[in-house]
Amino acid sequence: MSLESMAERTAELFARCFGHAPRWIVAAPGRVNVIGEHTDYNDGFVLPMAIERYTVIAGDRNDSREVTLHSVTTGETATFNVREPLTRGEPSWSNYVRGVVAGFQQRPIKVPGFDAVIASTVPFGGGLSSSAALEVATATLLEAITGEKLEPIEKALLCQKAEHEFAGVPCGIMDQFTSILARENHALLLDCRSRTTIPVAMTDPSITVLMINTNVRHKLADGEYAKRRSQCQTAASALKVPFLRDASAKALKAGRSKMEPIAFRRARHVISENERTREAAWAIQAADWATVGRLMYASHDSLRDDYEVSCQELDVMVDLAKPIRGVFGARMTGGGFGGCTINLVAVEAVGEFTQTIRNGYAQATGKKSGVFICSAADGAERVQ
Ligand code: GLA
């Protein structure tokens, strides 16, 4: 569904729920990470792009202190009062909104009561940043409601804090940054330390980026993500550097005996992934798709073996993709434990690829897969 028709439908629903047209409509995209996984919270490099899947919010302020949110996806309504101290609450998706409202209040920016209808085409739990899309869409709506525009980096950090404090996921900065700063037809090489970005054109007409959803829902709040983060900190401390970004492969080898084997493997992933990510950005600029693909496979192997965030279904997807003619590379994307793979495929091979994957995945796992083509989209915007 196009963004325009999503916006129209969400506005119609708003009018049905609240009895008048919405004053504002905002949209924030999900993202796919081409390469650079679990590097952002190590101050490293990532190479994501936004996708044409959006969270759209239609909203208007009201004359009370109440916030009323209606989710099209779940059919639930959430309410809370902006005068009372904001805490986590039910339904769970409302926490992303609560967290962003709290962030504005802490600025301090006064947030009035408002009504909103939320719709989304970013699959929930698919590793495509549905939560960041909701946070960034909320922040974009609040900018419109309060008339206070935030600097993009400040906005991304506010949304990240909402996720830390109201959803309990100690995520890095990649998802919120991408949903705000992404550029149409480009991936972004983001240096998570300096928070600077280099746009990398993704406009080669002979290449298609395909996402495949394993339909296994990933859950990052169950502790595995936080565990990885602290294992990386342990490895960095053993190497006497602030973050793994500051360690080289050579230093890691020399320091191997100073840490548990598990911390060593986590660090090996992060250090090698940082190298792969920068190399991939150069290779994309040179349209050297064979190299990009090789780096993607290496990234997947490292996430599976050293970082242990893959799962059987993701591995099946990558193994099925590899031998198909015209496939340059495939890997899991996002936090892992389910969700999607990203696949780099020659345009003329897309038909055969889709068919082979669908059948092979169903045969191997008894599950259905969802395939869709991705083009690099712009970051969050006010549609109305
Ligand atoms: C999740 C987090 C990101 C990042 C990825 C893994 O999507 O929100 O910050 O750490 O996992 O690369």
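Is Cys159 buried or exposed? With a relative accessibility of 0%, Cys159 counts as buried, since buried means under 20% relative accessible area, exposed over 50% and partly exposed in between (1.4 Å probe, protein chains only). Keep in mind that this is a predicted model, where local features need pLDDT of at least 70, side-chain atom pairs count only at pLDDT 80 or more, and totals for chains, interfaces and linings use all residues. Residues are numbered from 1 along each chain as its sequence is written, and side-chain values use heavy atoms, with hydrogens and water left out.

Back to the cysteines. The structure has 0 disulfides, a disulfide being a pair of cysteine sulfur atoms within 2.5 Å. For Cys159, the closest cysteine sulfur belongs to Cys171 and sits 9.9 Å away, too far for a bond. Cys171 is buried as well, at 6% relative accessibility.

Now look at Asn42, in the loop between β1 (24-35) and β2 (45-61); strands here are DSSP runs of E, at least two residues, numbered from the N terminus. Asn42 is buried at 1% relative accessibility. Its side chain reaches the backbone oxygen of His38 at 3.1 Å. Not counting residues up to four places away in sequence, Asn42 touches Cys232, Phe243, Leu244, Arg245, Val270 and Tyr307 (contact means heavy atoms within 4.5 Å).

Glu76 sits in another loop, between β3 (66-71) and β4 (77-81), and is partly exposed at 34%. Leaving aside neighbours within four places in sequence, its contacts include Pro91 and Trp93.

Technical notes. Helix = DSSP H or I, 4+ residues; strand = E, 2+ residues; numbered from the N terminus. Polar contact = N/O pair within 3.5 Å; in protein donor to acceptor, adjacent residues only side chain to side chain.
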